[in-house]
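Visitor: I would like to go through this model and ask what lies behind the labels it carries. Please set each value against its cut-off.

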Amino acid sequence: MTVHTKRLTIRLSSNEEMKALIAQQDDTELIKAYGEMHDLSVAHPELRQWYAAWFIYLADKRIGDVCFKGLSSGGSVEIGYGLLPEFWGNGYATEAVMAMTEWASKQPGVKFIEAEAEDSNIASKRVLEKAGYVPTGKIGEEGPRFLWHKPADS
């Protein structure tokens, strides 16, 4: 699966690429998170788009990834994202989040999309706001929660 934007190509990773992504990490939290994603991708191959990392490419350079945290029975999916620091400040994260939000919103069963951003991460909160997410007033494990609602006529 691949999603294209004006400047980016966002492609669902393979199981082998997920293993390589885990091996590249030195942060124990990321190792754990990507490991869980990989295991769920393997256990539920028909739903792997909701568990595996989606790699973000600028031309042929991988600059980051977007991930979902499963699709709940209530129609909620949570999005997460990250870019390599040298690509911050160019609108790539906003472009990727907007594209993947649009893609996810068109998938069967999706009613709304959630996200979290660390309270101190002003840039990440701004990405979510520019992508149409609104703060919920709740605090999650990583910080303030944001919500994107599927338009009623969709």
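Guide: Start with a definition: a residue is buried if its relative accessible area is under 20%. The model is a predicted one.

Visitor: What makes strand β8 largely enclosed by the rest of the structure?

Guide: Strand β8 covers residues 144-149, and five of its six residues are buried, so the strand is largely enclosed by the rest of the structure.

Visitor: How do you know that β6 and β8 pair, and in which sense do they run?

Guide: Pairing takes at least two bridges between the strands. Five bridges join β6 (residues 112-116) to β8, and the two run antiparallel, so they count as a pair by that definition. Glutamate 116 stands opposite arginine 145 in β8.

Visitor: How many bridges link β7 and β8?

Guide: Three bridges link β7 (residues 134-139) with β8, again in the antiparallel sense. With at least two required, the two strands pair. Isoleucine 139 has proline 144 in β8 as its bridge partner. The hairpin of β7 and β8 has four residues between the strands, and glycine 143 there takes a positive phi near 140°.

Visitor: Why is serine 105 called buried?

Guide: Serine 105 has 9% relative accessibility, and the cut-off is under 20%, so serine 105 counts as buried. Serine 105 lies in helix α3.

Visitor: What lies 2.8 Å from a polar atom of the serine 105 side chain?

Guide: That is the backbone oxygen of glutamate 102. The limit for a polar contact is 3.5 Å, and the 2.8 Å separation is the value to set against it.

Visitor: Why does tyrosine 92 count as buried?

Guide: Tyrosine 92, also in helix α3, has a relative accessible area of 11%. The cut-off is under 20%, so tyrosine 92 is buried. Leaving aside neighbours within four places in sequence, tyrosine 92 is in contact with Arg7, Leu8, Leu58, Ile63, Leu83 and Phe87. Contact here means heavy atoms within 4.5 Å.

Visitor: How far apart in space are tyrosine 92 and lysine 106?

Guide: They are 21 Å apart, C-alpha to C-alpha, and 14 residues apart in sequence.

Visitor: Which element gives the largest share of the lining of the largest pocket?

Guide: Helix α2 does, with eight residues. The largest pocket holds about 1,700 Å³ of space. Its lining has 46 residues, and the closest to the centre are Leu30, Gly80, Tyr81, Gly82 and Glu142. By class, the lining has 21 nonpolar, ten polar and 15 charged residues.

Definitions and conventions: Residues are numbered from 1 along each chain as its sequence is written. This is a predicted model: local features need pLDDT of at least 70, side-chain atom pairs count only at pLDDT 80 or more; totals for chains, interfaces and linings use all residues. Side-chain values use heavy atoms; hydrogens and water are left out. On a 1 Å grid over the protein atoms alone, a cavity is a set of points where a 1.4 Å probe fits but cannot get out, and a pocket is an open set with protein on both sides within 12 Å along at least five of seven lines; lining residues have an atom within 4 Å of a point. Grid points are joined across faces, edges and corners, and a volume is the space filled by probe spheres set on the points. Ala, Val, Leu, Ile, Met, Phe, Trp, Tyr, Cys and Pro count as nonpolar, Asp, Glu, Lys and Arg as charged, and the others, Gly among them, as polar. Buried means under 20% relative accessible area, exposed over 50%, partly exposed in between (1.4 Å probe, protein chains only). A polar contact is a pair of N or O atoms within 3.5 Å; within protein, one must be able to donate a hydrogen and the other to accept it, and residues adjacent in sequence count only if both atoms are side-chain atoms.
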